[in-house]
Amino acid sequence: MSKYIYRALSFFWDIPIEKLSSGRNEYLELVWSQGKKVLNTKNANYSFGTDSEVFEAAFNEITSKINKTRNLLILGFACGGILKVLEDKFNFIGKVKGIEFDDKIIDLYNRYFKSHVRSQLNIAIQDANTYVNQSQEKYDLILVDLFLDLKVAPCVYTPEFLNGAIKLLNPTGTIVINVIALNSEDQYLIGDLMVTLSLILKQVQKIDVNDLNSVVIGIK
């Protein structure tokens, strides 16, 4: 069956392409959904679904910053859904560093998505916390999309990670962090995150995207 038929049928139900597991993610699935290839875990979307929609909402708030971005860092690259939004809807083409811990996900990216990328992309299979605390690079825009299924990776809320990431920003750089509030504990962590960022950055705001997702935007 051709990909065009799969794409058409996927508007009625998801059509599996691959299912696998890794040391980082117990369950991963690549499916045709709503006419496009989508990467999911058991409970969450990792690329090209709601995850991309969340970041698009953030990008609408910082379009002027995107227009000036020449060096971009994506922490939690997955299969490149966030970059695809930037390229297709915001005409972004620049130098991109993608950090992804799960080598199985990067294998999926290389086989199914790599050929569509227009930017100058360099991917590293590495822990994001380690990267931000060891790198000497500087970026105009840093996007943080670090999850374990539906839970934000614990490192995101730590001063070590936040200070490390912000040190990589250029003088007028911007950081965007995708967060989810599943309960009151998550809400507390997000509030604490905003307080921490407010002590370091000139401007911090939170945008609620849907019932669960918010994005925290900080400008240096």
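**Basis of the description**

Two strands are taken to pair if DSSP finds at least two bridges between them. Helices (H or I, at least four residues) and strands (E, at least two) are DSSP runs, numbered from the N terminus. The model is predicted, so local features need pLDDT of at least 70 and side-chain atom pairs count only at pLDDT 80 or more, while totals for chains, interfaces and linings use all residues. Residues are numbered from 1 along each chain as its sequence is written, and side-chain values use heavy atoms, with hydrogens and water left out.

**The four-stranded sheet**

Four strands form an open sheet in the order S1-S2-S3-S4, and their pairing is antiparallel. Strand S1 (15-20) and strand S4 (45-47) are the edge strands, each of which pairs on one side only. Direction ignored, neighbouring strands of this sheet are turned by 30° against each other on average. Axes here are lines fitted to C-alpha atoms, for helices over the stretch in contact, and angles run from 0 to 180 degrees between N-to-C directions.

Strand S3 (residues 36-40) and S4 run antiparallel and are joined by two bridges. Asn40 stands opposite Asn45 in S4. Helix H5 (residues 103-112) packs on the sheet and touches S1, strand S2 (28-33), S3 and S4; contact means heavy atoms within 4.5 Å. The direction of H5 makes about 140° with that of S1.

**Helices H2 and H4**

The axes of helix H2 (residues 50-61) and helix H4 (residues 81-90) come within 9 Å and cross at roughly 45°. That angle makes H2 oblique to H4, since angles under 35 degrees count as roughly parallel, over 145 as roughly antiparallel, 65 to 115 as roughly perpendicular and the rest as oblique. On the H2 side, Asp51, Ser52, Phe55, Glu56, Phe59 and Asn60 meet Gly81, Ile82, Val85, Leu86, Lys89 and Phe90 in H4. The residues of this contact divide into six nonpolar, three polar and three charged. In this grouping Ala, Val, Leu, Ile, Met, Phe, Trp, Tyr, Cys and Pro count as nonpolar, Asp, Glu, Lys and Arg as charged, and the others, Gly among them, as polar.

Lys89 forms a salt bridge with Glu56, and their closest N and O atoms are 3.2 Å apart. Because Lys89 lies in helix H4 and Glu56 in helix H2, the pair ties together parts that are 33 residues apart in sequence. A salt bridge is a side-chain nitrogen of Lys or Arg within 4 Å of a carboxyl oxygen of Asp or Glu; by this rule the count comes to seven.

**The seven-stranded sheet**

An open sheet of seven strands has the order S7-S6-S5-S8-S11-S13-S12, with mixed pairing. Its edge strands, strand S7 (120-125) and strand S12 (203-208), each pair on one side only. From one strand to the next, the twist averages 15°.

Strand S8 (residues 139-144) and strand S11 (residues 169-180) run parallel and are joined by five bridges. Leu143 has Val176 as its bridge partner in S11. Helix H7 (residues 159-167) lies across strand S5 (71-75), S8 and S11, and runs at about 140° to S11.
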